[in-house]
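Please read them with the structure open.

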Amino acid sequence: MIDSIARLPRVSLGFYPTPLTDARHLSSAIGGPRIFIKREDLSGLAMGGNKARKLEFILGEAQKQGATRLISTASAQSNFCLQTAAAGRKLGMKSSFALLKGVHNEVQGNLLLQNVLDSDVEILDVGDMSLLRGSFIADKLSEIAEDKRSKGENPYVLLHNLPELPALLGIAGWVTVAEELNQQFERMGLNVDYVVLANGGGGTQAGLELGARYVNAKWKVVGVPVLNRNETALKLTSDQVNAGADFLGLGITVAPEELELHDEFLGEGYGIPTPEGLEAIRQVAQTEGIFLDPVYTAKAMAGLVGLTKTGRFKPTDTVVFVHTGGVPALFAYQPEVVR
Ligand SMILES: Cc1ncc(COP(=O)(O)O)c(C=O)c1O
């Protein structure tokens with residue numbers, strides 16, 4: 001464990017290491033590389049996902065500050081906010097969310113689970129995801145925090161963008177995964193060439209990229225943007241690698257062009273399913289009995305399949321696909337998913 005990470009306040013939320021499983025049938029169905037799936041969807045918190053690792057450090061800090069209420073934002077079917085609310089309940093904290101209108105705003109999927117958790121949820125009538133990085137949302141969350149403070153609560157606001165501390169703590173959570181993967185590869189005798197994952201805000205990939213460089217990994221991270229086009233995603237992700245490295249004192253820097261992202265699987269935009277993604281959901285379920293989500297992992301898997309077709313991944317390669325979770329959203333997307 002990196003010293004600067006070991007010194008951070010932390011709470012235990014997930015079951016680690018998450019399993020790494022051989023997806024032999026998927027691999028032969030697509031005539032592709034050897035595929036393993038890193039089952040981050042089995043992390044255990046609120047139906048699993050990549051956010052538990054981030055939240056271990058973010059809520060460690062919130063708890064250190066004596067928070068009684070968590071306040072955050074994202075899109076309506078946010079997996080991050082669901083995991084935040086569930087983790088908060090486990091730690092005796094309530095949650096309030098101001099969510100941007102998404103493709104599915106009905107009380108289904110993650111919003112249904114938020115209802116069960118009795119979180120305060122307000123859906124704002126704006127759907128422009130770039131607002132998550134600006135002052136509009138920061139002001140909105142401050143307003144909620146002020147209101148809660150006036151009622152005697154101690155709110156902790158979770159903003160996802162740099163230079164906010166929760167963003168840096170989230171990156172730290174994913175730095176640790178590089179070493180976890182290397183240990184699994186060694187135990188299983190694998191020579192892995194690529195690790196493929198979805199890129200939303202980019203913090204997960206940034207943490208993994210940083211961790212991979214720190215442990216001198218032989219594998220390369222390949223990201224599939226589901227929110228931003230390559231140019232923006234490359235800048236956001238490399239900025240987070242560099243900010244994370246500074247924060248943790250790792251002495252590592254990357255330039256955007258050193259990262260590999262493929263935005264050709266994004267389709268029309270965030271949260272809008274693609275035919276290839278919907279096909280990937282069925283293919284992975286029918287070959288491996290594993291469910292993907294329509295917003296993140298379906299597009300990332302469509303990326304793995306597409307990059308196999310174009311020859312970027314060869315039959316002799318070994319590729320690890322990170323299943324980052326998000327499966328509850330599948331139910332909200334029933335109209336698109338059902339055949
Ligand atoms: C299921 C799932 N996969 C991947 C991601 C991408 O993570 P990041 O925003 O850190 O890029 C998210 C969150 O945005 C997610 O909910």
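1. Burial is used throughout: a residue is buried under 20% relative accessible area, exposed over 50%, and partly exposed in between, with a 1.4 Å probe and protein chains only. The model is a predicted one, in which local features need pLDDT of at least 70, side-chain atom pairs count only at pLDDT 80 or more, and totals for chains, interfaces and linings use all residues. Residues are numbered from 1 along each chain as its sequence is written, and side-chain values use heavy atoms, with hydrogens and water left out.

2. How many aromatic pairs are there? The count comes to 3, where rings of Phe, Tyr and Trp (its six-membered ring) pair if their centres lie within 6.5 Å, with planes under 30 degrees apart called stacked, over 60 edge-to-face and the rest tilted. One of them joins Tyr-194 and Phe-313, a tilted pair at 5.1 Å centre to centre with 45 degrees between the planes. This pair links distant parts of the chain, 119 residues apart: Tyr-194 is in strand E7 (residues 194–199), and Phe-313 is in the loop between helix H11 (297–309) and strand E10 (318–323). Helices (H or I, at least four residues) and strands (E, at least two) are DSSP runs, numbered from the N terminus. Tyr-194 is buried at 12% relative accessible area, and Phe-313 is buried at 1%.

3. Tyr-270 and Tyr-296 make an edge-to-face pair, because their ring centres are 5.9 Å apart and their planes stand at 70 degrees. Tyr-270 lies in the loop between strand E9 (260–261) and helix H10 (275–288), and Tyr-296 in the loop between H10 and H11, so the pair ties together parts 26 residues apart in sequence. Both Tyr-270 and Tyr-296 are buried.

4. Gly-32 is found in the loop between helix H2 (24–29) and E2. With a relative accessibility of 11%, Gly-32 counts as buried. Gly-32 and Phe-313 are 281 residues apart in sequence, yet their C-alpha atoms are 7.3 Å apart in space. Leaving aside neighbours within four places in sequence, Gly-32 is in contact (heavy atoms within 4.5 Å) with Ser-27, Thr-308 and Pro-315.

5. The whole structure holds 20 salt bridges, each a side-chain nitrogen of Lys or Arg within 4 Å of a carboxyl oxygen of Asp or Glu. Side chains of opposite charge can pair when their charged atoms come close. Arg-24 and Asp-22 form one of these bridges, with their closest N and O atoms 2.9 Å apart. Arg-24 is exposed at 58%, whereas Asp-22 is partly exposed at 25%.

6. The charged end of Arg-53 sits over the ring of Trp-174, 5.5 Å from its centre; the rule asks for NZ of Lys or CZ of Arg within 6 Å of the ring centre and within 35 degrees of the ring normal.

7. Glu-61 and Lys-64 meet in a salt bridge of 3.8 Å, N to O. Being 3 residues apart in helix H3, they are separated by about one helical turn. Glu-61 is buried at 9% relative accessibility, while Lys-64 is exposed at 60%.

8. Some backbone details deserve a look. Most residues other than glycine have a negative phi, and most peptide bonds are trans. The bond joining Tyr-16 and Pro-17 is cis, with omega about 0 degrees, and the bond from Leu-162 to Pro-163 is cis too, with omega near 5 degrees. Asn-216 has a positive phi of about 50 degrees although it is not a glycine; Asn-216 is exposed at 64% relative accessible area.
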